[in-house]
Amino acid sequence: MNPLNENSLFNIIFNKLGDIIIANLLFILCSIPLITIGPALTALYHCTLRSIKGNNPGTVKTFFRAFKESFRQSVLVWILFLVILAVLVLNIRFLLSQDSSASQMLVYLSMAVTAFAVIGFLYIFPVIAAFSNSLKNLLRNSYIFAFMHFPSTILIAVVTILPMYMTYQDLALLPLYAFCWFFFGFGLTAEINSRLFYRMFKPYLEKEESEEQEEAVGIEESSSESDSVKS
């Protein structure tokens, strides 16, 4: 419990809180153009996942490296989600203005499609943060993870959506909510969700790492054999 000890509970909590605040501020900074919210969210999850895994060399360095590497895929996903969401919302508003049983059925159908799109949105950026693959495979894997771990998906949706809903419902406490979101709200949400995501991703991450190590060993062996032949 000595606060001067690097492994003390005080230092662990303090360092974790510091990483969350730094990642949160970087996320807000990089989301200002709005079009870059996708890459910023991927970088945020990359930081929290690495922190949980225990191989985060530095929040700032990790964030900007992930932001750069995932920029193209994350921007495309973010734009696609905005377009789909806008079409669905406009469609639901139009159907609600119609007074017929068919329109009511179509409203329920549109809401189901919206829920399906939101589930993909909750998973795709953490999946991009954790794995390297084509965008098509990443999208597919996002839904595989989501429905394989459906109870966790419900919990992730509650952790992500409920605080935002409460923020806009209680306008009297809006300044307090704004303060919390600015300094640690997004980072804390990502940290909580990442603990659930990491449990899902861990077996596949370990398999991916073992394959990379085997490839590295094979490359080293082949290079050593070629060196021996040259000598």
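Visitor: Which residues does threonine 36 touch, leaving out those up to four places away in sequence?

Guide: Threonine 36 touches Cys30, Ser31, Phe67 and Phe71. Keep in mind that this is a predicted model.

Visitor: Where does threonine 36 sit?

Guide: Threonine 36 lies in the loop between H1 and H2.

Visitor: Is threonine 36 buried or exposed?

Guide: Buried. Threonine 36 has 8% relative accessibility, and the cut-off for buried is under 20%.

Visitor: What about leucine 34, buried or exposed?

Guide: Exposed. Leucine 34 reaches 55% relative accessibility, and exposed means over 50%. Leucine 34 is also in the loop between H1 and H2.

Visitor: What is the phi of leucine 34?

Guide: Leucine 34 has a positive phi, about 70 degrees, although the residue is not a glycine.

Visitor: Let's zoom out. How many helices and strands are in the chain?

Guide: Eight helices and zero strands. Along the sequence the pattern reads α-α-α-α-α-α-α-α.

Visitor: How much of the chain counts as buried?

Guide: Of the 231 residues, 36% count as buried. The chain exposes about 14,300 Å². Carbon and sulfur atoms supply 68% of that area.

Visitor: And contacts between residues at least 6 apart in sequence? What share joins residues at least 24 apart?

Guide: That share is 69%.

Visitor: Which residues does UniProt annotate as "transmembrane region"?

Guide: The unreviewed UniProt entry gives that annotation to residues 20-45, 75-96, 108-131, 143-166 and 172-192. Such annotations may be inferred rather than shown by experiment.

Visitor: How far apart are the end C-alpha atoms of residues 20-45?

Guide: They are 11 Å apart. Over residues 20-45 the chain is 81% helix and 0% strand. Helix H1 covers 9-31 and helix H2 covers 37-53. The loop between H1 and H2 is where leucine 34 is found.

Visitor: And the end C-alpha atoms of residues 75-96? How far apart?

Guide: For residues 75-96 the distance is 32 Å. That span is 100% helix and 0% strand. Helix H4 covers 71-96.

Visitor: Pockets next. How much space is in the largest pocket?

Guide: About 780 Å³. The pocket is lined by 26 residues. Closest to its centre are Phe121, Thr160, Met164, Trp181 and Phe186.

Visitor: Which helices supply at least two residues each to that lining?

Guide: H1, H2, H4, H5, H7 and H8. H8 gives the most to the lining of the largest pocket, with six residues.

Visitor: How do the lining residues of the largest pocket divide by class?

Guide: There are 21 nonpolar, five polar and no charged residues.

Visitor: What volume does the second largest pocket have?

Guide: About 500 Å³. The second largest pocket has 23 lining residues. The closest to its centre are His46, Arg50, Ala129, Ala130 and Phe131.

Visitor: Which elements give two or more residues to that lining?

Guide: H2, H3, H5 and H8 do. The largest share, six residues, comes from H8.

Visitor: How many charged residues are in the lining of the second largest pocket?

Guide: Seven. The rest of that lining is nine nonpolar and seven polar residues.

Visitor: Switching to cavities. How many are there of 30 Å³ or more?

Guide: One. The space in the largest cavity is about 50 Å³.

Visitor: What lines the largest cavity?

Guide: Lys16, Asp19, Ile20, Ala23, Cys47, Thr48, Ser51, Asn56, Thr59 and Glu191. H1 and H2 are the elements that give two or more residues. H1 supplies the largest share, four residues.

Visitor: How far is alanine 117 from leucine 85?

Guide: In space, 7.8 Å from C-alpha to C-alpha. In sequence, alanine 117 and leucine 85 are 32 residues apart.

Methods:
Residues numbered from 1 in each chain as written. Predicted model: local features only at pLDDT ≥ 70, side-chain atom pairs only at ≥ 80, totals over all residues. Heavy atoms only, no water. 1 Å grid on protein atoms, 1.4 Å probe; cavity = no way out; pocket = protein on both sides within 12 Å on 5 of 7 lines; lining within 4 Å. Points joined across faces, edges and corners; volume = space filled by probe spheres on them. Nonpolar A, V, L, I, M, F, W, Y, C, P; charged D, E, K, R; others polar. Buried < 20%, exposed > 50% of the residue type's maximum accessible area, 1.4 Å probe, protein only. Contact = heavy atoms within 4.5 Å. Areas by Shrake-Rupley, 256 points an atom, 1.4 Å probe, with all protein chains shown as cover.
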